[in-house]
Amino acid sequence: MAYLLARVLYYIKPLMTCSSFDPHDHAACRATALSQAESACAAQGLQFTPMRRRVLDVLLGAPKAMGAYDILELVTPEGQKRQPPAVYRALDFLTSNGFAHRLEKLNAYVACACPGAAHRPAFLICRVCDRVAEATDVAPRRLGDEAAAQGFRIERTVVEALGICPGCAA
Ligand SMILES: [Zn+2]
Ligand SMILES: [Zn+2]
């Protein structure tokens, strides 16, 4: 469970720069993020069910993007039956409401670093340690213009940059 001990995913308030390779005391960010998700759900009339909360909590506590199977392991209490559909539904809820993102390359999920802020996420993925940081909007307009010129309607873009994080570069 090294996942839960490391502290890399950084929660930052909406509209601030998202960055996440800096080590910091993540427990406070995690608690804040959970309670903000709770109030955001209440404000929008969305149900923040115990399973949705548990899944988000696991993502917030993880230093890396997590696959659905790893999440399933962590949200299932000892001795209880695993419920993959419930976990997939929770992930679907979290990603479609902007509390988490899915990384195509890793087939894994991360908590959103700036929930509530309108943004198109871009991800910096360390190819050595698999840690992930979310970056803010990176010039999506040009792509939008080109797509429009070709009569293509973009529904979703995922920007994933592969490289080396400061920890692994050191
Ligand atoms: Zn985000
Ligand atoms: Zn790394």
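A: Helices (H or I, at least four residues) and strands (E, at least two) are DSSP runs, numbered from the N terminus. The model here is predicted, so local features need pLDDT of at least 70 and side-chain atom pairs count only at pLDDT 80 or more, while totals for chains, interfaces and linings use all residues. Residues are numbered from 1 along each chain as its sequence is written, and side-chain values use heavy atoms, with hydrogens and water left out.

Q: Which helix gives the most to the lining of the largest pocket?

A: A pocket is an open set of points on a 1 Å grid over the protein atoms alone, where a 1.4 Å probe fits, with protein on both sides within 12 Å along at least five of seven lines; lining residues have an atom within 4 Å of a point. In this model α5 gives the most to that lining, with five residues. Both α5 (84–96) and β1 (100–103) supply at least two residues each.

Q: What volume does the largest pocket have, and which residues are closest to its centre?

A: A volume is the space filled by probe spheres set on the grid points, which are joined across faces, edges and corners. For the largest pocket this is about 340 Å³. Of its 18 lining residues, T95, A100, H101, R102 and R156 are the closest to the centre. Ala, Val, Leu, Ile, Met, Phe, Trp, Tyr, Cys and Pro count as nonpolar, Asp, Glu, Lys and Arg as charged, and the others, Gly among them, as polar. The lining divides into seven nonpolar, seven polar and four charged residues.

Q: At what angle do α3 and α5 pack?

A: Axes are lines fitted to C-alpha atoms, for helices over the stretch in contact, and angles run from 0 to 180 degrees between N-to-C directions. The angle between α3 and α5 is about 75°, with their axes 9 Å apart. Angles of 65 to 115 degrees count as roughly perpendicular, and α3 and α5 are therefore roughly perpendicular to each other. Contact means heavy atoms within 4.5 Å; M51, R52, V55, L56 and L59 of α3 make it with A86, V87, A90, L91, F93 and L94 of α5. By class, this contact has 10 nonpolar, no polar and one charged residues.

Q: How do α4 and α5 pack, and which residues meet?

A: Their angle is about 110°, with the axes of α4 and α5 10 Å apart. That makes α4 roughly perpendicular to α5. A68, I71, L72 and V75 in α4 meet P84, V87, Y88 and L91 in α5. The contact of α4 with α5 has eight nonpolar, no polar and no charged residues.

Methods: Chains are lettered from A and ligands numbered from 1 in the order in which they are written. Angles under 35 degrees count as roughly parallel, over 145 as roughly antiparallel, 65 to 115 as roughly perpendicular and the rest as oblique.
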